[in-house]
Amino acid sequence: MKIVVIGAGMGGMMSAARLAKAGHQVSLYEASDRVGGKLHTEWIGKVAFDTGPSLLTLPAVYKDFFARTGKHLGLLCEIQTVDPSFDYHFADGTSVKFANLSRYHTLNNLRAVYGEPVARQWDQLMRRAENMWDVSREPFIENELRSPFSLLKRFSLIRDLKIIAPWKTLRDIATQELSDQHLRYILDRYATYSGSDPRRAPAVLSTIAYVEESFGAWHIKGGLGTLATLVHERAEKVGVTFHLNSPVASINVKKGKAKGITLDSGEVIEADAVIANADASLIYNVLIKGKIRKIKKVRKNIAKADPSLAGFSLLLGMRKDGSEPLNHHTVLFPKDYDAEFDAIFTHKQPVAEPTIYICAPRDESMSKDELLEGWFVLVNAPAHGQESFDWSSAEFARNYANTIIDQIEARGIPVRSRLESMTIRTPADLESAVRAPGGSIYGTSSNGARAAFMRAKNRSPIKALYCVGGSAHPGGGLPLVGLSAEMVANAIGSAQSGQPLKSH
């Protein structure tokens with residue numbers, strides 16, 4: 001088959017490579033001058049920053065991709081453990097570290113700071129999350145989702161539905177299982193992994209905590225962007241042809257079937273199948289022109305869905321001062337977490353006192369000066385746009401950046417005395433860089449029980465058009481995007497031969 005892929009994000013490149021390895025003719029068209037989409041390690045001066053994903057979970061997804069396309073990931077890069085996986089600090093002055101790959105050590109840390117009952121609460125929650133993972137992994141995470149009914153058929157017993165509890169939110173689970181406010185804040189944060197509000201996001205997102213604990217939090221030496229470079233190289237090795245600086249104007253549809261694409265230059269590329277690695281709203285509202293009855297419902301679902309969280313970030317070049325360095329991931333929780341979600345999802349305003357996430361990798365290869373290190377500081381933010389908040393004011397961005405630094409310093413972490421350089425990135429910048437509408441990191445949020453079913457399906461209602469990446473099933477984040485690519489490649493393989501795609 002002749003297959004065209006739109007977008008060189010991780011989902012686009014990985015599906016392209018799997019299909020090329022299976023013998024198809026695959027061409028990929030990317031609007032920008034680089035690959036990787038949101039996954040990017042960026043050098044500013046002498047320091048590198050992971051400006052997108054900052055840790056790798058479920059590395060088996062990527063090990064499988066490389067093995068099936070002809071290489072072993074461990075031979076191509078150095079995968080390093082991140083321990084502790086997270087260092088959580090609270091407004092009451094307490095802090096606790098979550099150990100990597102060890103519930104035993106995490107529970108001991110909780111016990112030492114907050115007492116035995118709190119440690120027991122987290123253990124019970126993780127046991128419940130493990131049950132949720134066991135039930136949801138195969139039917140939902142690792143396979144295409146066609147409809148709610150197709151999912152229900154895969155659950156073997158009523159017991160499974162009780163475990164998943166689709167009628168409950170993440171906050172419901174926190175209220176039911178956790179009396180300690182520190183643990184509730186930690187659990188709430190897992191909603192933000194899909195850009196969502198814990199008061200509306202499904203309880204099953206608690207499985208992310210279990211997955212992190214059980215499969216580990218990992219860093220790739222040189223920055224997570226190294227993974228994008230390696231996937232790109234692998235895709236080229238197996239025959240994918242890349243066309244950078246080649247924005248796509250439209251997906252060409254004839255008689256309900258995708259026939260190829262038209263570039264901004266006017267060139268028409270014909271194809272037997274089209275894979276779109278772009279935000280679903282761009283695919284269905286911009287790239288597909290006109291009124292097409294088959295996608296009317298999809299467009300309605302996109303219009304109803306809440307945009308995911310966006311992010312306001314600071315890339316700080318920091319002078320080392322001889323003090324103990326920050327852990328790889330530090331999270332500073334505010335006094336009132338709900339105020340953050342109210343500001344973003346209800347008032348669509350920047351958060352006055354947000355949760356502050358600091359990524360400070362202890363990776364010497366990410367600095368060309370042994371006296372400098374890079375901190376990537378991220379706070380949740382409303383999307384950019386007329387119906388949300390206008391992030392185009394450079395003056396506002398500078399003032400807001402200073403309030404974030406003030407709040408970091410108020411928590412006992414010196415910044416200004418060590419600051420060598422500062423680069424500010426707003427949701428408007430992300431929208432411009434990777435064509436993410438409003439700078440929403442995950443496309444649409446998981447707010448609401450039906451959100452998963454409103455997400456773009458891997459097989460579009462338009463024949464021979466497939467959707468891959470963070471805004472498609474099963475969702476955002478490196479592992480899910482990798483699984484999305486596998487689903488799309490298998491869908492095309494089965495559509496052609498009646499059997500899932502086999503790479504060898």
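Two strands pair if DSSP finds at least two bridges between them. Strands here are DSSP E runs of at least two residues, helices are H or I runs of at least four, and both are numbered from the N terminus.

Some ground rules. This is a predicted model, so to speak: local features need pLDDT of at least 70, side-chain atom pairs count only at pLDDT 80 or more, and totals for chains, interfaces and linings use all residues. Residues are numbered from 1 along each chain as its sequence is written, and side-chain values use heavy atoms, with hydrogens and water left out.

Start with S1, residues 2-6. Four of its five residues are buried, meaning under 20% relative accessible area; exposed is over 50%, and partly exposed lies in between, with a 1.4 Å probe and protein chains only. What does S1 pair with? Strand S2, residues 25-29, runs parallel to S1, and five bridges join them. Ile-6 stands opposite Tyr-29 in S2.

Next, helix H9, residues 181-189. Seven of its nine residues are buried, so H9 is largely enclosed by the rest of the structure. Among them are His-182, Tyr-185 and Arg-189. Asp-180 caps the N-terminal end, with a side-chain oxygen 3.0 Å from the backbone nitrogen of His-182.

Now Ser-440. Where is it? Ser-440 sits in the loop between helix H16 (427-434) and helix H17 (451-454). Ser-440 counts as buried because its relative accessibility is 2%. Its side chain reaches the backbone oxygen of Ser-308 at 3.3 Å. Leaving out residues up to four places away in sequence, Ser-440 touches Lys-38, Pro-307, Ser-308, Leu-309, Ala-310 and Ala-383; contact means heavy atoms within 4.5 Å.

A cavity is a set of points, on a 1 Å grid over the protein atoms alone, where a 1.4 Å probe fits but cannot get out; lining residues have an atom within 4 Å of a point. The structure holds one cavity of 30 Å³ or more. The largest cavity has a volume of about 100 Å³, volume being the space filled by probe spheres set on the points, which are joined across faces, edges and corners. Its lining includes Phe-86, Trp-122, Tyr-190 and Glu-212. Helix H10 (207-215) gives the most, with three residues.

Last, the backbone. Most residues other than glycine have a negative phi, and most peptide bonds are trans. Asp-83 and Pro-84 are joined by a cis bond, omega about 0°. His-473 to Pro-474 is cis too, omega near 5°. Leu-58 has a positive phi, near 45°, and so does Asn-245, near 50°. Buried or exposed? Leu-58 counts as buried at 13% relative accessibility. Asn-245 counts as exposed at 52%.

Terms used
Polar contact = N/O pair within 3.5 Å; in protein donor to acceptor, adjacent residues only side chain to side chain. 1 Å grid on protein atoms, 1.4 Å probe; cavity = no way out; pocket = protein on both sides within 12 Å on 5 of 7 lines; lining within 4 Å.
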